[in-house]
Amino acid sequence: MEGSNAEDFAVGCFLSIKTTLGDEFQAYVITFDRPSNILGSKAGSRRNIRLLKANYIKEFTLLGQAEDPLDLKKCYIDLNSLQAREESAIRQAEVEAERIGVGVTSEAQSIFDALSKTLPVRWDKTAIVVMNEVRVCSPYLPECVSGGTAAAKDRVKKVVEFERKRLQSRNSGQ
């Protein structure tokens with residue numbers, strides 16, 4: 001924010017903030033890092049911490065000052081909880097990344113996604129492996145399904161056939 005200086009964001013200030021993205025909130029300043037221009041704020045009685053680039057602050061109003069800006073009850077950060085959330089987010093991102101085929105067509109990815117709605121699937125390079133026994137290889141047609149029991153193979157073939165028809169009708173309707 002252009003006209004601001006470090007005193008504007010002194011620890012303990014209670015501010016009403018409007019951002020360039022349209023958010024409006026009130027919060028105590030718990031930290032301000034001048035080199036990165038990042039403001040750390042705490043809103044409400046719950047342990048809600050928000051980090052915000054000061055560039056995104058459209059306007060702010062000083063509403064008051066905390067009696068003790070360093071009161072740890074107001075600025076408590078549960079590092080174990082944050083670390084657990086981070087680890088969970090990383091695991092989720094890894095799971096999602098494994099669901100994206102590398103070097104496959106969007107049609108192959110659509111077939112994978114359709115199979116994954118009801119069956120456990122994974123990629124083995126460009127082949128789709130279903131239930132760790134049935135394989136669907138390029139060009140991902142029903143006749144490209146192999147392995148597994150007859151029932152498992154038939155089920156996978158039906159899903160592949162249905163998804164290919166759905167993709168064809170979507171493409172021909174454009």
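This is a predicted model: local features need pLDDT of at least 70, side-chain atom pairs count only at pLDDT 80 or more; totals for chains, interfaces and linings use all residues.
The side chains of K18 and E59 meet in a salt bridge with an N to O distance of 3.8 Å. Because K18 lies in strand β1 (residues 13-19) and E59 in strand β5 (residues 57-65), this pair ties together parts that are 41 residues apart in sequence.

| Salt bridge | N to O distance |
|---|---|
| K18 and E59 | 3.8 Å |
| D124 and R135 | 3.0 Å |
| R166 and E163 | 2.7 Å |

The salt bridge between D124 and R135 links distant parts of the chain, with D124 in strand β6 and R135 in strand β8, 11 residues apart. D124 is partly exposed at 30% relative accessibility, and R135 is partly exposed at 29%.

The salt bridge between R166 and E163 is placed within helix α3, where the two residues lie 3 residues apart, about one turn of the helix. An α-helix has 3.6 residues a turn, so residues three or four places apart point the same way. R166 is partly exposed, with a relative accessible area of 34%, whereas E163 counts as buried at 5% relative accessibility.

Helix α2 (residues 106-116) has as its buried residues A108, Q109, I111, F112, A114, L115 and S116. The elements that cover these buried residues include β6 (121-124), β7 (127-130), β8 (134-136) and α3 (150-172).

Conventions:
Residues are numbered from 1 along each chain as its sequence is written. Side-chain values use heavy atoms; hydrogens and water are left out. Buried means under 20% relative accessible area, exposed over 50%, partly exposed in between (1.4 Å probe, protein chains only). Helices (H or I, at least four residues) and strands (E, at least two) are DSSP runs, numbered from the N terminus. Contact means heavy atoms within 4.5 Å. A salt bridge is a side-chain nitrogen of Lys or Arg within 4 Å of a carboxyl oxygen of Asp or Glu.
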